[in-house]
Amino acid sequence: MSGSPLPSLHSPAEEATTAPLSLLGVGATGVAAAGQTPTESAAGTTSPTSIGYHDMGQAASTSPPAFQTPPGAPAWKEKTAISTGSTTATTAGNTMASTTGSTTATTAGNTMPATSLYPFGMEGGDQEYVQRMVDFNSPLFKPEIGFPFGKSLQDALYFTDNGQIIFPPTDNHVPSNPNPPPKGFTGQESLPMVAAFWDDADFSKGVGTTWYQVRSTRGVLLGESTKIEKYLKIPYVAKWTLKVTWEKAPAYPSQRDDTQTSTYQAVLTTDGNCSFALLLYQDGGMRWDYTRLAAANVLIGFSSGDGYAQNNELTQKPPAVKYRPDQHSNVRGLWIYRLDSRSRVNYRLWCLAWLDTEPAPLQGGGMVPSCSGGGRDPPTISGPADTSMRMLRSASPSPAGAGVRCLYQGGSLLEGWQERTWNRELEAFDWCCRRVGKPLFCAKFAEKRPRVGCEGYVPPTPAGAFGDPHLTTLDGLTYTFNGLGDFVLLLASDAQTSFILHGRTAQTGMAQATNFVAFAAQYISNTTTTVEWTLGSQDDIQVLLNNKTIQFSYSQGEQDLLLNAKCIPGVLLVNTSSVTAVFDGTISVSVSATSGILSVVCSLPNWYCNSTRGLLGVWDHDPADDFQMPNGTSIPVNSSEEEIYSYGMTCNLFTQPLGSPALNFTPFFLSRLRQENESLYELAALQCHGSKECIYDSLSTGNLALGLATQSLAADFQQRKTALNAFPPVITGDASITAFRTEKVRRQYHALGAGARFIPHLSPELNISENGTLIWEPRGAAPFTINLEAVGSNNISALLQLRFTLCRCSRSQDCDYSNTVILRESSLQVLAACRCESGYSGAFCQDPPDPCSQGCFPGVGCDPFSGCGPCPAGLTGDGEHCCGSACGYHSCPEGYCSNGGHCHLHPITCAPTCTCPPAFTDQHCLVAGGDFQPLPTSGGYLCPAEGETQPHSPWSWDARATTVAFPQTDSDGFTFVVVSEFAYESRGTIIRFLNEELPTAITNAFNARRGRRAAEPMCFPFPVTVDELRDYFRCTLYGYKGYRLHYVGIIGFVCISPCKMGYCQHGGQCQHLPEGPMCSCLPFSIYSPAGLQCQWLAISLAAFLGILLGALALLCLLFATACLALHLCRQHRRRHQG
């Protein structure tokens, strides 16, 4: 790949050799592959060159599960070891395969070729990242597709100066532990990580640096892909890669002229489904002097934290071997590990792949459809839905290539999306907006498929013909026409398309009336499409599509909708209670059969307005010209039946042969039928409730049922028109609502429309009033779904899909509302992470600075308040970093660090340095001012039961345990007290421990002692409150006075110095000394602050005199200038007069 920062993973040394290569070290262990006995793993190794397969990674307790691989390829978890001569496999254990008659792949002095590092630095297109301090971390890297590791899909990772690549649980917990565990990984580590060369490095003296490069590629064969395919024999194409290079990394403690450094690389790569780590070590570049290290525990391998781990075989070797990984493995200096331990469906990958292939969305212009307010569009068909939810989708794209998908709840629009294709739209929406669970992916989906509402929606305009033809034009004019023959119902055209609808009538039995028995429609755009409907003998409808018969059964409901649909480019045929043809998603023709008569409803989009003619009228929103003749003249809309009949015959296609009876057919008109039998007319009018269409059909055919059927069809048609033109209210207001913890949030919404009002909602944490006032008072993170609903006087409702975002961070300034996670497809989403400050960590920034989070040197204990203890005897350092002392007779001066601070000597300069408790801010742990969490004090009782002089459940305190005593009376009347002590080991607050964790622990402990007897509930005092606990927490730190106790959210009690709360006024500098906060008042302007808190202001005499003298000098200067100007003016006058 031209210009690639990782141009080739084939090093010159690798290409030069013809000997077969393998990556065992691609980690070499002698454990047999899954499903293979140790004996089987050694089979077939008698040839001069042999290949055996071994585990690439193993769990601490059990081997990782096997995975399917392509036929002929080794299992993914296998690695290839090549040796010469016969091979003997070891049994259970972690030792490598032994060989005879050859030099093994892991023997020093290996003659196998060495791998080369990928190009790095500026020439490799890398970015440099280094901080000149003992420990530092890189920025976070967040692959969009995620990174499969063990059983999980990780979101973020970072590297440290100490040779680690770590996958943090949250963005706020990014420790850098310089001390690897002496026994290696167990698989249950709290931080998933890959250890490329984990040991204590030190870049603080200006020696060495780190480089990194991130590449996101889609379907491009990269160097790492080639290497994985070559050595693991599996197909692989990388989609995300992180390359990290530690160049000339010095060991701790480093010096400015340090040359005993190490250079190595880690390449982490994934295709979204599986992932690999390639660890490369520069040949001859691993030069740490392991004899001078305080703890030679370097670790290479990985741990997913969920039971899947691998320790490199070198870990258990002597330092001379394990600190020289460049001299080991069959391809010296190269190990490959597979990091995922189970197959999974990565919906992020599917979503992003779909997004990559989709074009930009269409933009407006009237050619992008909208959703209706109530899901009543004729040119749509519905997908499967439950009784409360209904989805309508465009039957085919508009001329601009766009469609819509509209979701309705109870008849109200819930949400709408633009569509471009029929097949994969729902799948892509499911992947991006539901399966991934991250709103960011749904936002990306919305960039390709914008949300659609009912704004700008123009309902399609229908026209129709029913019974013994009664026609309703596009402008709403209704009339009766009983012509016999083939007629032009509609001609419509615009610049790109044209549409024709013809109808054929036949005589209705023996009556002097007609009805439709066939229709034909032709749509011309890029192609020509013709659909014909013909009445069958059993009231069925026979359909021809482009002169080919279409076979589908007559469906009785929407459940078989897609089974009864036929789709070709340009038209969709749907067979439900009628047979509907939808042309280009815009023109709909729906034909139904009743009582041996065909009826039709035709709907046109608004761009055909002013361009139609035929029996269905001239569509211009004016019925007056609907009876327009082919010559352009019109007859009045109140013309007689005979005149209307004559007009209609001008639309006759005259396809009948000469002499046909149709040419001589004359229908009976309603006026004649009434004249012939007035009483029968009155009876029909009564039964038809005055409907002229019903009266005519009843009288002309002598069939009242037929007349009533026509009346029903006409009523349905009018109801449909009314519904299409009825709109729901418009709701205004922000649909996104955010809240911090338990704060009460109020929002006001408005509904625009006649008689619009909101549907009230009442629940413990969410209230919506009829006037649109919403009050949300969060009480937890339980998912809930709620939509704001408004209904108008026409009884049509509108919905606004609300999105609630809850921040549970400890402080409001920590909230990052751009990073959220949806809870179980509900209306509630919570922050995925908080932005912690001042050293706080945890998912909600609830954990105060933890001096133990970075880990301590092996054998050094850690106090949660003061941090790591002193280094072991013979070593010096701060307890986190220890090394052999070069300071000889030097030692810390007695009393150099106060108030529990630990003194240690700098390993190079031998200068004493203090590690102070959190409250102290100076170099000798004398000046306080920092926050700290107080310990509970001993003594006292909490919560006596009502009516008792002694507490029923006395709870006494010390710093480490809670003792609970329960008076009990047995059956003999003897009273005794059962006492139990519960250690306080919770990471939560004391109040949560007392009110939630401790009662559960007590109940479980006492019920466990009851043997087989049934467990009983236990009584506890009322929940402990913050005010009750205040007396047990005192801010007395080493005798320092003045600290104030505060209760901060889920952090608990915190002692805060007045110095951090504006104790000193008027810019005074505050120091917290043992006697309390002290202010140093600094003068400013003409003022000199005074008082204990610099609260008084006095005017400085010197400043006042200076200002006064300056003002006088300025006045004198102005006076002198005025005198000089006056003098010059007089001289000028004298000269002028002279």
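# A guided tour of the predicted model

The rings of Phe, Tyr and Trp form 44 aromatic pairs in this structure. The model is a predicted one, and residues are numbered from 1 along each chain. The stops below move from ring pairs to strands, then to a helix and to disulfides.

## Stop one: an aromatic pair and its strand

Select Trp-776 and Phe-784. These two residues form an edge-to-face aromatic pair, with 6.4 Å from centre to centre and 65° between the planes. Are Trp-776 and Phe-784 buried or exposed? Both Trp-776 and Phe-784 are buried.

S44 and S45 pair in the antiparallel sense, over three bridges. Trp-776 in S45 is the bridge partner of Leu-766. The two strands S44 and S45 form a hairpin, and four residues lie between them. Within the turn, select Gly-772, which has a positive phi of about 95°.

Which strand pairs with S40 over four bridges? The partner of S40 is S45 (residues 773-776), and the sense of their pairing is antiparallel. To see one of these bridges, display Arg-747, whose bridge partner in S45 is Leu-774.

## Stop two: a second pair and a ring cluster

Select Phe-920 and Tyr-1040. Their aromatic pair is edge-to-face, with 5.3 Å from centre to centre and 75° between the planes. Phe-920 lies in the loop between strand S56 (912-915) and strand S57 (955-957), while Tyr-1040 lies in the loop between H14 and S60, so the pair ties together parts that are 120 residues apart in sequence. Phe-920 is buried, as is Tyr-1040.

For a set of linked rings, select Phe-141, Phe-159, Phe-197, Tyr-212, Trp-246, Tyr-264, Tyr-281, Trp-288, Tyr-290, Tyr-323 and Trp-335. Ring pairs link these residues into a cluster.

## Stop three: helix H7

Select helix H7, residues 439-448. Which residues of H7 are buried? They are Pro-439, Phe-441, Cys-442 and Phe-445. When H7 is viewed down its axis, these buried residues fall within an arc of 155°, so they line one face of the helix. Turn to the other side of H7, where Leu-440 and Glu-447 are exposed.

What do the buried residues of H7 pack against? Their partners include two helices, H5 (347-357) and H6 (425-435). The buried residues of H7 also pack against strands S21 (403-409), S22 (412-419), S49 (820-822) and S50 (828-831).

## Stop four: disulfides

How many disulfides does the structure hold? There are 14 disulfides. A disulfide is a covalent bond between the sulfur atoms of two cysteines. Three of them are visited here.

Begin with Cys-351 and Cys-432, which are joined by a disulfide with an S to S distance of 2.0 Å. Cys-351 lies in helix H5 and Cys-432 in helix H6, so the link ties together parts that are 81 residues apart in sequence. The link of Cys-351 and Cys-432 is right-handed, with 110° about the S-S bond. Cys-351 counts as buried at 0% relative accessibility, and Cys-432 is buried with a relative accessible area of 1%.

Move to Cys-1035 and Cys-1055, another disulfide with 2.0 Å from S to S. The torsion about the S-S bond of Cys-1035 and Cys-1055 is about -90°, so the disulfide is left-handed. Cys-1035 is buried, with a relative accessible area of 11%, and Cys-1055 is buried at 0%.

Finally, select Cys-1081 and Cys-1094, a disulfide whose sulfur atoms are 2.1 Å apart. Cys-1081 is in the loop between strand S63 (1076-1080) and strand S64 (1087-1090), and Cys-1094 is in the loop between S64 and strand S65 (1096-1099), 13 residues apart. The link of Cys-1081 and Cys-1094 is left-handed, with -100° about the S-S bond. Cys-1081 is partly exposed, with a relative accessible area of 27%, whereas Cys-1094 counts as buried at 0% relative accessibility.

How values were computed: This is a predicted model: local features need pLDDT of at least 70, side-chain atom pairs count only at pLDDT 80 or more; totals for chains, interfaces and linings use all residues. Side-chain values use heavy atoms; hydrogens and water are left out. Buried means under 20% relative accessible area, exposed over 50%, partly exposed in between (1.4 Å probe, protein chains only). The arc is that of the directions from the helix axis to the C-beta atoms. Contact means heavy atoms within 4.5 Å. Two strands pair if DSSP finds at least two bridges between them. A disulfide is a pair of cysteine sulfur atoms within 2.5 Å. Rings of Phe, Tyr and Trp (its six-membered ring) pair if their centres lie within 6.5 Å; planes under 30 degrees apart count as stacked, over 60 as edge-to-face and the rest as tilted.
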